[in-house]
Amino acid sequence: METQIDVLLQGGQFKKLLEEQSVELRQKYDMKRAELEILYFLSKCGTHNTSTDIHRQLMMNRGHISQAVENLCRRNYIIAIPDQNDRRYIHYEISDHARELVVEMTKRREAMNEKILKGVSEEKFKVYREVSEKIRKNIEELILDH
């Protein structure tokens with residue numbers, strides 16, 4: 001049982017699948033994996049769109065985030081917006097230039113998710129989401145305790 005938990009939590013197979021699924025998009029748009037991940041995250045995150053939010057959710061190296069965000073801004077895929085209340089924070093939003101890429105990425109992710117979840121009922125998936133969220137919160141608490 002512990003081995004199954006380790007495999008599930010590490011998500012290595014999912015990361016490999018995601019990497020394979022993104023090769024064509026990366027080549028088409030001349031992007032790095034981190035840039036695509038950040039764009040996808042920003043398309044789904046709502047107001048949780050700072051570098052800190054990206055770091056917390058994607059668990060990416062801060063240096064990689066910084067480089068990717070800089071490249072995405074330079075190439076007009078995202079827009080940097082200073083926080084109105086705290087100048088230390090910058091919010092990132094998807095630009096109109098990135099909309100086509102985001103739509104294409106979203107369609108590919110949805111198709112991949114549909115295949116991954118083949119044969120899983122909505123009820124079982126709901127339980128999986130609840131358990132996953134509880135595990136995520138427990139891990140987050142453990143990280144914060146250190």
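**A loop residue, then the fold**

Modeller: Asp30 is exposed, with a relative accessible area of 61%. Please bear in mind that the model is predicted.

Biologist: Where does Asp30 lie?

Modeller: Asp30 belongs to the loop between α2 (12-29) and α3. Its phi is positive, about 50°, although Asp30 is not a glycine.

Biologist: And Met59, which loop is that in?

Modeller: Met59 sits in the loop between α4 and α5. Met59 has a positive phi of about 55° and is not a glycine.

Biologist: Is Met59 buried or exposed?

Modeller: Met59 is exposed, because its relative accessible area is 59% and the cut-off for exposed is over 50%.

Biologist: Let us step back. How many helices and strands does the protein chain have?

Modeller: The protein chain has seven helices and two strands. Their order along the sequence is α-α-α-α-α-β-β-α-α.

Biologist: What does the C-alpha trace span?

Modeller: The C-alpha trace of the protein chain spans about 45 × 40 × 25 Å along its principal axes.

Biologist: And what share of the residues counts as buried?

Modeller: Of the 146 residues in the protein chain, 29% count as buried. The accessible surface of the chain is about 11,200 Å², and carbon and sulfur atoms account for 51% of that surface.

Biologist: What about contacts between residues at least 6 apart in sequence?

Modeller: Among those contacts, 52% join residues at least 24 apart.

Biologist: How far apart are the mean positions of the positive and negative charges?

Modeller: The chain has 25 positive and 25 negative charges, and their mean positions are 2 Å apart.

Biologist: Now the helices. At what angle do α3 and α4 pack?

Modeller: Helix α3 (residues 33-44) and helix α4 (residues 51-58) pack at an angle of about 105°, and their axes are 11 Å apart. Therefore α3 is roughly perpendicular to α4, since angles of 65 to 115 degrees fall in that class.

Biologist: Which residues meet there?

Modeller: From α3, Glu37, Ile38, Phe41 and Leu42 meet Asp53, Ile54, Gln57 and Leu58 of α4.

Biologist: Let me pick out Glu37. Buried or exposed?

Modeller: Glu37, which lies in helix α3, is buried, with a relative accessible area of 17%. The cut-off for buried is under 20%, so a residue at 17% qualifies.

Biologist: What is Glu37 in contact with, leaving aside neighbours within four places in sequence?

Modeller: On that basis, Glu37 is in contact with Leu58 and Met60.

Biologist: And how do α3 and α5 pack?

Modeller: Between α3 and helix α5 (residues 62-74) the packing angle is about 75°, with the axes 9 Å apart. The two helices are therefore roughly perpendicular. On the α3 side the contact is made by Ala34, Glu35, Ile38 and Leu39, and on the α5 side by Ile65, Ala68, Val69, Asn71 and Leu72.

Biologist: What does Arg108 touch, not counting residues up to four places away in sequence?

Modeller: Arg108 touches Gln21, Glu24 and Leu25. Arg108 and Ser22 are 86 residues apart in sequence, while their C-alpha atoms are 8.8 Å apart in space.

Conventions
Residues numbered from 1 in each chain as written. Predicted model: local features only at pLDDT ≥ 70, side-chain atom pairs only at ≥ 80, totals over all residues. Heavy atoms only, no water. Helix = DSSP H or I, 4+ residues; strand = E, 2+ residues; numbered from the N terminus. Buried < 20%, exposed > 50% of the residue type's maximum accessible area, 1.4 Å probe, protein only. Contact = heavy atoms within 4.5 Å. Areas by Shrake-Rupley, 256 points an atom, 1.4 Å probe, with all protein chains shown as cover. Lys, Arg positive; Asp, Glu negative; His and termini not counted. Charge placed at Lys NZ, Arg CZ, Asp CG, Glu CD. Axes fitted to C-alpha atoms, helices over the stretch in contact; angles between N-to-C directions. Parallel < 35°, antiparallel > 145°, perpendicular 65-115°, else oblique.
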